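Me: I would like to learn how to read a structure with some care, one feature at a time. Could you take me through this one?

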Amino acid sequence: MASSITASVQPSNLKSVFLGDSIYLHASNVPLSRIGFVKRTVQCKESRIGKQPIEVPPTVAVSLEGQSLKVKGPLGELSRIFPREVKLERDEQGIIRVRKALDTRKANQMHGLFRTLTDNMVVGVSKGFEKKLQLVGVGYRALVEGPDLVLNLGFSHPVRMTIPDGLSVKVEENTRITVSGYDKCSIGEFAASIRKWRPPEPYKGKGVKYADEIIRRKEGKAGKKK
């Protein structure tokens with residue numbers, strides 16, 4: 001038996017602001033069986049970046065086994081295991097395509113991400129990547145001593161950082177640092193760890209900054225007027 005909502009009509013003491021009449025509250029008998037929800041299907045659009053094919057150079061060897069991808073080129077070798085939301089396909093011409101394995105919002109978000117990561121793997125082992133940093137400040141300098149990068153950034157002692165395997169660090173004019181390698185993620189992490197020691201300050205721009213970084217300057221405090 002379907003239940004229903006019942007209410008009686010009773011006048012209230014509330015007055016209308018515009019008409020000055022009493023307001024009547026009324027609720028009709030509405031069977032609960034008539035109340036329902038509209039089910040809508042959420043359609044996940046395919047990522048524009050994820051749809052783009054990945055061309056593999058002839059110098060790169062690709063091994064695809066299930067959700068595991070390995071690429072080997074003249075600069076090194078990289079591997080990655082992909083989640084179940086995406087799948088990789090390779091045609092007869094050697095072109096790799098990343099497709100969605102599920103029609104969910106999470107798969108749609110991962111589609112473009114893992115297509116970019118796959119392209120970075122292919123480009124990294126064939127051409128490589130690099131990240132440039134610059135030291136700005138009086139007495140700030142850097143040099144490479146064996147497997148370490150030594151930074152003088154105004155502290156009481158120099159900062160010594162071990163260069164990770166697979167990366168190459170070059171210092172020019174004691175103030176320009178170039179980090180290169182075939183793994184873009186490792187390059188970015190090591191460059192960020194260098195910058196973390198002395199981030200650029202907004203007044204004079206002193207510190208360690210990326211070569212293409214723009215520092216928004218702040219105006220210093222004005223002197224006391226006489």
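Me: Which residue forms a salt bridge with Glu172?

Reply: In general, a salt bridge is a side-chain nitrogen of Lys or Arg within 4 Å of a carboxyl oxygen of Asp or Glu. Here the partner of Glu172 is Arg176, with the closest N and O atoms 3.5 Å apart. Before going on, note that this is a predicted model, in which local features need pLDDT of at least 70 and side-chain atom pairs count only at pLDDT 80 or more, while totals for chains, interfaces and linings use all residues. Residues are numbered from 1 along each chain as its sequence is written, and side-chain values use heavy atoms, with hydrogens and water left out.

Me: Which other residues are linked with Glu172 and Arg176 in a network of salt bridges?

Reply: The network also takes in Lys170 and Glu173, and the side chains of Arg176 and Glu173 meet at 3.2 Å, N to O.

Me: Is Glu173 buried or exposed?

Reply: The general idea is a scale of relative accessible area, on which buried means under 20%, exposed over 50%, and partly exposed in between (1.4 Å probe, protein chains only). Glu173, at 63%, counts as exposed, whereas Arg176 is partly exposed at 36%, as is Glu172 at 29%.

Me: In what order do the strands of the open sheet lie?

Reply: Strands (E, at least two residues) and helices (H or I, at least four) are DSSP runs numbered from the N terminus, and two strands pair if DSSP finds at least two bridges between them. In this model 3 strands form an open sheet in the order 11-12-13, with antiparallel pairing. Strand 11 (141–145) and strand 13 (159–162) stand at the edges with a single partner strand each, so one side of each has no neighbour in the sheet.

Me: How many bridges join strand 12 to strand 13?

Reply: There are 4 bridges between strand 13 and strand 12, which covers residues 148–152, and Leu149 has Met161 in strand 13 as its bridge partner. The side chains of Asp148 and Arg160 also meet in a salt bridge (3.5 Å, N to O). Asp148 lies in strand 12 and Arg160 in strand 13, so this pair ties together parts that are 12 residues apart in sequence. Asp148 is buried, at 14% relative accessible area, while Arg160 is partly exposed at 49%.

Me: Where does helix 1 bend?

Reply: A bend at a residue is the angle between axes fitted to the seven residues ending there and the seven starting there. Helix 1 (residues 105–126) has 22 residues, and it bends by about 30° at His111.

Definitions and conventions
The expected span of a helix is 1.5 Å times one less than its number of residues.
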